[in-house]
Amino acid sequence: MGAFLLRRLLTAIPTLFVIVTLGFLLLHAAPGGPFDGEKAMLPEIRASIEAAYHLEEPLPLQYLRYLGQLARGDFGPSFQYRDTSVNELIAQGLPIDLTIGGLALLLALLMGIPLGVVAAAKRDTVWDRIGVAFSLLGISIPVYVTAPVLVLVFAVGLRWLPAGDWGGGAWRNLVLPVVALSLPYIAYVARILRASLADVLHAPYIRTARAKGLPWRTVILRHALKPALLPLVSFLGPAAVGVITGSIVIETTFGLPGIGRFFVDGAFNRDYTLVMGVTVLYGVLIVAANLVADICYAWLDPRVRLE
Amino acid sequence: MRFLRSCSLAVMVLLAACSQTNSPSGSAVGPDAAERAASGHLRRQIDSAPRTLDPSLATDVPTQRLLDDLFEGLTRIDGAGNVAPGVAASWDRSADGLTWTFHLRGDAHWSNGDPLTAQDFAYGWRRTVDPATASEYAQAFAPLRNGQDVAAGRKPVAALGLQVVDAHTLRVELGSPTPFFLYLLTNSYFSPLHEPTIRARGTDWTRPGNLVSNGPYVLKDLVINGAVTLAKNDRYWDAGHVRIDTVTFYPLSDRSAQTARFLAGDIDVTDGFNIDDIDWLRRDLGAQVRLAPYFGIVMLGMHVETPPYDRKAVRQALSMAVDREILVDKLLKGLFLPAYGFVPPYEGYSPALPEWASWSAERRHARARELLAVAGYDAKHPLQVELAHMITSPDSRRLLEAIAAMWRMNLGVKVTMNMSEWRVFIQDRRIGKHGLFWHAWIGDYLDPYTFLSLFSKEDGNNHPRYASPRFESLLGEAVSTGDDARRMSIFRQAEALLDEDAPSIPIYYYQSRHLVRPYVGGWLGNVMDRNPSRNLWLGAGED
């Protein structure tokens, strides 16, 4: 187990290095500079601004400088938020995304697993149909429709909840974004679990368990659920990163100060350091999430060994 | 993202229409109006998070909204958008208009209690103009003696035309009479700065807890991309007239989300709304929809050195063939004003319009076709143009497509559209890659010069590269005269010359649009669209 972890962590280093290099090159290859604004600048002023950010240096030098900074854990100063460092922006945005994304994922599992189990266990009954219909809706109606509808019903119409804002993480402010973000994931979880559980339920050892006279409930919860979770785990690894790194739609609709907006605004504004910082962070999160998924796999499936 | 917006919009309109039928009228005002008024807390929306609260570095409109509350210059903006005394209680202007002496009030203080002196202004201005600060607004100091040279690093900062006479007297020397100088001084880049704080804190000086400011409000809390909260500054010299205790600014870029937050009662003032929403907003919100002429213009520029735009006849024909009234009425829902001149009309200046502005559409189109024929284009050899613009809101794209259709229909011109990302478009336009391009401009101060100087040969924003010796001499004459009436008449001549030479096609003048709760008092709407919170109040009408 220890050797496995060490090996995985060591292979993560070249992966991240490739991400950093590609990101850096792509970003600098994009036309338009961070200080091309609506208003023209005196060439001298442009030069002094570019010098302040070392943009006048040759690209290889900028790249080495960036790598050096990165090795010290410093993402550098943001270009668009001129008196703030990228580290500060990430430190501010990440807890918000972790809260919203973590809760949404939790909700997705709490709702999706029972829905999937019921649908698989009561196959071709009305419960199954309801579950399938719900998950189809959840998958096919995009967040940018559900989020404004939730706002209109619960904030504008009923005035039960605020229409947006982080509000320091108060539960009232969390409800709508978490629900909106989790809806498609509830649907995915339910669908995947329904399919895999249905497969497992046809396995010989389930028939044996049934033949021994075990009740359905025990068969499903004790014997069938654990192996049926395998496809879900491989889905959840990347999905967790997707949920946690925030949905730009959710952040924009609810005015949440998360990282997703920084990332998109940063790309549009050629905020090289900010985009690089978030890219590296996403890279690390994805590597970590896949690692966790692999560990879960081994725990769930005795045939998989972490060697 | 475009699809996203139209979808959410459709849903919003639908639901707003449904909710309207089963909610009592006036519910949009909400039963909590009295409660809101009593709270002393104003909640405003801005279009994006402040990029920095450093007055030397800030450039964007949302940040200006905050800085208008946090800092105060020698002069400030009143509710009607006029210049009012700020830290300077009074001033004298020399006969030639070149030397201004400002007398600072004795009771002006920093938020930490330090007395505010002329030295703080000298420090702030020199810091902004210093190339080492790398301020995009260093050029704003060009009217000061040596301003341009200091900004460009050709002269030392000490050469800036600025002198601290004593603790409460500041003398400013200008390179030419600048009638709009007092207006210029209301902008935050002319704010005083607290030197000890900046020296001690470095780039952290703008953080909550560190920021020392001198305006009606102080910074209480700041979450980037989240809420920014300001509290009344009790040490502000005019604190007695500041009626709102707390102001929170919410950065929200999505127009549908802004409207939803307003309707939900979470926000008292928005900085805009979708053009397409105007009909149901007017119906449901009535007087809460606030429109006012805004000192800005949308044009299509033409690079006068690039064929076919090097032919004046071609430029005139393209301009004449655009039916502005149709664009404004049908596509822009009457929210903007059709433009034929280059300076948006305001009190104090009546623009010079081309003669054909009053012609019928048929007559204009016929004349435009004649001009094209003179330039050698006809049905067999149609004019081909490429209209460059940025990926933008659906509103603007529809507008550009309509203009292209008008050229096709009225002149038989072949039009292709060239769309690129904002930063790419800006860069390409700057290096002269585009022949025919989108060009919008918001005035920096209330004077025709802010628009006319766009066509000055040396101006970096002269994207058409228009160069006319007569235009230059008119601008030079206007800048050097101290006589205001004469100045305006020269500006009209210069504008008439632009009408004739047509380096750009004026399309429409902007209007500002806001949603403002009825219990927010003092919101007059003004041509610069600046509404500092200190001019506002909550509750029924005092003044």
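Mentor: Start with the cut-off. Two residues are in contact if their C-beta atoms, placed from the backbone, lie within 7 Å. Keep in mind that this is a predicted model.

Trainee: Now the partner. How many helices and strands are there in chain A?

Mentor: Chain A has 13 helices and zero strands. Its C-alpha atoms fill a box of roughly 85 × 55 × 30 Å along the principal axes. Of its 307 residues, 39% count as buried. Take the contacts in chain A with a separation of 6 or more: residues 24 or more positions apart account for 73% of them.

Trainee: Back to chain B. How do I read a sheet?

Mentor: Strands of a sheet pair through backbone hydrogen bonds, either parallel or antiparallel. Here, an open sheet of four strands in chain B has the order β1-β10-β9-β8, with mixed pairing.

Trainee: Which strands stand at the edges?

Mentor: β1 (41-46) and β8 (217-222) of chain B do. Each has a single partner strand, so one side of each is left without a neighbour in the sheet. Neighbouring strands of this sheet are turned by 25 degrees against each other on average, direction ignored.

Trainee: How many bridges join β8(B) to β9(B)?

Mentor: Five, and the two strands run antiparallel. β9 of chain B covers residues 228-232. For one pairing, look at Tyr217(B), which stands opposite Lys232(B) in β9(B).

Trainee: What lies across these strands?

Mentor: Helix α3 (residues 61-70) of chain B lies across β1, β8, β9 and β10 of chain B. The helix runs at about 170 degrees to β10(B).

Trainee: Let me try one residue. Where does Thr246(B) lie?

Mentor: In strand β10 of chain B. Leaving out residues up to four places away in sequence, Thr246(B) touches Gly40(B), His41(B), Thr229(B) and Ala231(B).

Trainee: Why does Thr246(B) count as partly exposed?

Mentor: Buried needs 20 or more other C-beta atoms within 10 Å, and exposed means 12 or fewer. Thr246(B) has 16 C-beta neighbours inside 10 Å, so Thr246(B) counts as partly exposed.

Definitions and conventions: Residues numbered from 1 in each chain as written. Chains lettered and ligands numbered in written order. Predicted model: local features only at pLDDT ≥ 70, side-chain atom pairs only at ≥ 80, totals over all residues. Pairing = 2+ DSSP bridges. Axes fitted to C-alpha atoms, helices over the stretch in contact; angles between N-to-C directions.
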